[in-house]
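Let's take a walk through a protein model together. Please have your viewer ready, and we will go from one site to the next.

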Amino acid sequence: MNLILLGPPGAGKGTQAQRLEQKHGLIQLSTGDMLRAAVAAGSEIGREAKAIMDRGELVSDAVVVSIISDRIGQDDARSGFILDGFPRTVAQAEALDHMLNERGLKLNAVIEMKVVDDILVERITGRYSCGKCGFGYHDRFLLPKVAGVCDKCGGTEFKRRADDKAETVSSRLAAYHAQTAPLLPYYQARGVLRAVDGMADIDEVSQQLEGILGQLA
Ligand code: AP5
Ligand code: MG
Ligand code: ZN
């Protein structure tokens, strides 16, 4: 099964993609994570992307399309994937259609995670993740079972994203509304658009997603 999770920054795309990956063996393909890995590695793409990401703007279509095209072609993606944070512009969606066609793959659903802007700032500024395995947490909404110790791997180092400051969140939201929201009618017209209530608590959102996967199977 091949899915897209579509929603504004902080909507819960990464949180739910990690859960779907664990439960269904679908591979999470997050362009944000891939770009952050490029930044950490100090590659040329990483150096260029860093300044753009720190401003809360979108990296060029050409860069992210080429990253995703390489990744989708790898063996582990053949059993199904969840796109998290891609596509983010109509040009990226068209490029995705093209690369899926070429490989004989299809999109089973595009799932919109609906959340109003007001609560996204709190979600984003409270977010942190395990430095060792990357598992995501939140200061208020999702704490490790034992304080300071990752539930998944026992790691004790945690990190926060450079673009998770309140000032940057408003540019990221503006980019979402201007450049990414037009994908909703794009996928609606193709009959693949579904939606979940991203304002519900984390487990409830997971249940809604499981319901959709059940209908698709
Ligand atoms: P990216 O990494 O994709 O960031 P984003 O889209 O801004 O989304 P986030 O990762 O912030 O949010 P999320 O929906 O994953 O939420 P999460 O599950 O963590 O992109 C970063 C940057 O890279 C972009 O700004 C751009 O510059 C560049 N980029 C990436 N892809 C690109 C592309 N395709 N084209 C161009 N540029 C690109 O949840 C947030 C927090 O809330 C967590 O702490 C979580 O625990 C908590 N939470 C989650 N769900 C709930 C819930 N239901 N209730 C309460 N709390 C919750
Ligand atoms: Mg994310
Ligand atoms: Zn961990």
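What follows looks at a metal site, then the aromatic rings, then the nonpolar cores.

This is a predicted model, in which local features need pLDDT of at least 70, side-chain atom pairs count only at pLDDT 80 or more, and totals for chains, interfaces and linings use all residues. Residues are numbered from 1 along each chain as its sequence is written, chains are lettered from A and ligands numbered from 1 in the order in which they are written, and side-chain values use heavy atoms, with hydrogens and water left out.

Let's start at the metal. Which residues coordinate the zinc ion (ligand 3)? The SG atoms of Cys130, Cys133, Cys150 and Cys153 do, at 2.2 to 2.4 Å. Donors here are N, O and S atoms within 2.8 Å of the metal (3.2 Å for Na, K and Ca); water is not among the atoms, so sites may look incomplete. The angles that the four donor atoms subtend around this zinc ion run from 100 to 115°, which makes the arrangement tetrahedral; that label asks for four donors with all angles between 85 and 135 degrees. For reference, the ideal angle for four tetrahedral donors is 109.5 degrees. Along the chain, the donors of the zinc ion (ligand 3) are spaced as C-x2-C-x16-C-x2-C. Distant parts of the chain are linked here by cysteine 133, in the loop between strand S5 (127-130) and strand S6 (136-138), and cysteine 150, in the loop between S6 and strand S7 (158-159). Strands (E, at least two residues) and helices (H or I, at least four) are DSSP runs, numbered from the N terminus.

Cysteine 133 and cysteine 150 are 17 residues apart along the chain, and their C-alpha atoms are separated by 8.6 Å. Are they buried or exposed? Cysteine 150 is buried, at a relative accessible area of 3%, while cysteine 133 is partly exposed at 39%. Buried means under 20% relative accessible area, exposed over 50%, and partly exposed in between (1.4 Å probe, protein chains only). Leaving aside neighbours within four places in sequence, cysteine 150 is in contact with residues including Phe135, Tyr137 and Phe158, where contact means heavy atoms within 4.5 Å.

Those contacts bring us to the rings. Tyr128, Phe135, Tyr137 and Phe158 are linked into a cluster by ring pairs. Rings of Phe, Tyr and Trp (its six-membered ring) pair if their centres lie within 6.5 Å, with planes under 30 degrees apart counted as stacked, over 60 as edge-to-face and the rest as tilted. For tyrosine 137 and phenylalanine 158, the centres are 5.9 Å apart and the planes at 80°, so this pair is edge-to-face. Tyrosine 137 is buried at 4% relative accessibility, whereas phenylalanine 158 is partly exposed at 27%. Lysine 152 has its charged end over the ring of phenylalanine 135, 4.8 Å from the centre; this requires NZ of Lys or CZ of Arg within 6 Å of the ring centre and within 35 degrees of the ring normal.

Finally, turn to the largest nonpolar core, which has 31 residues, with Leu96 and Tyr187 touching the most other members. Such a core is a set of buried Ala, Val, Leu, Ile, Met, Phe, Trp, Tyr and Cys residues joined through side-chain atoms within 4.5 Å. Helix H4 (61-72) is among the elements that give two or more residues to this core, and H4 provides the largest share, six residues.

Notes. Four donors count as tetrahedral if all angles lie between 85 and 135 degrees; four count as square planar and six as octahedral if opposite donors are over 155 degrees apart and all others between 65 and 115; anything else is irregular.
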